[in-house]
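Hello,

Here is the structure I promised to pass on to you.

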Amino acid sequence: MSQFMFVTDLDNTLVNHGTEDDKALQELNQRLSQHRQEYGSKIVYATGRSSVLYYQLAAEKKLIEPDALVVAVGTEIYINSSDNVDRDWSAQIATGWNRNAVVSITDKFNELKSQPDTEQRPFKVSFFLEESASERILKKIETESQKCGLNIKLIYSSGIDLDIVPRNSDKGQAMQFLRQKWKFVAEQTVACGDSGNDIALFAVGKERGIIVGNARPELIQWHSENPADNRYLAKNTCADGILEGLKHFGFL
Ligand SMILES: [Mg+2]
């Protein structure tokens, strides 16, 4: 056994909202904690939530403390439970980002409903957008933002969440930033996810990937269109699926 870097999405990947039964989560927590203690493995949570909503979930589900917290779909990194964002990462994604310019474009679309204030972040503008209108609206925003020369990325997830972030910022690039900082090779890094905003974790490089059995159609479809040996589609759901994948790759 040797150390590895474990990166996981939270909602519907590590945490199963559909059940009160947290047995698999407890087992996974226990094994990861032990691995961290014995081998120096690193635990990273990568979520679309803001840190406010992360701390709510962490308390409710008794999550173990991560070595780094990637929130707001990769636009903020907090290391070792620090209250302050990692400045190196913020500086890296700030280039070419203009939040006001993004808002002046999105203001034109009635279909975009603003997410709560806690989810509006310095490097993220977030909306709810109904799936039926999404294709049309996303295309229009793309066109408008290109006209204005904006360096942005649209991340649409779970048939409802739209996040607009700097182009060089997502969960996958945040993972690579941490991996390089801590000197883990891609083969000793594994990422887990269930939905569209996790595609960045699987698409960015040669890191190992675990797609949980309950993954959303958008992720399953992407996976079948982009097959790769370093990615595993689990049969089991959520934490059970993660355990299955970690054993498949020989990390546990
Ligand atoms: Mg999720």
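**The sheet and the metal site**

Cysteine 192 sits opposite isoleucine 210, a residue of strand 10. This is a predicted model, in which local features need pLDDT of at least 70 and side-chain atom pairs count only at pLDDT 80 or more, while totals for chains, interfaces and linings use all residues. Residues are numbered from 1 along each chain as its sequence is written, and side-chain values use heavy atoms, leaving out hydrogens and water.

Strand 10 (residues 208-211) pairs with strand 9 in the parallel sense, over four bridges. Strands here are DSSP runs of E, at least two residues, and helices are runs of H or I, at least four, numbered from the N terminus; two strands pair if DSSP finds at least two bridges between them. Seven strands make up an open sheet with mixed pairing, in the order 4-3-2-1-9-10-11. Its edge strands, strand 4 (76-79) and strand 11 (231-233), each pair on one side only.

Now to the metal. Asp9 (OD), Asp11 (O) and Asp194 (OD) are the protein donors of the magnesium ion, 2.1 to 2.2 Å from it. Donors are N, O and S atoms within 2.8 Å of the metal (3.2 Å for Na, K and Ca); water is not among the atoms, so sites may look incomplete. Aspartate 11 lies in the loop between strand 1 (5-8) and helix 1 (23-39), and aspartate 194 in the loop between strand 9 (189-193) and helix 7 (199-203), so the pair ties together parts that are 183 residues apart in sequence.

Enjoy exploring!
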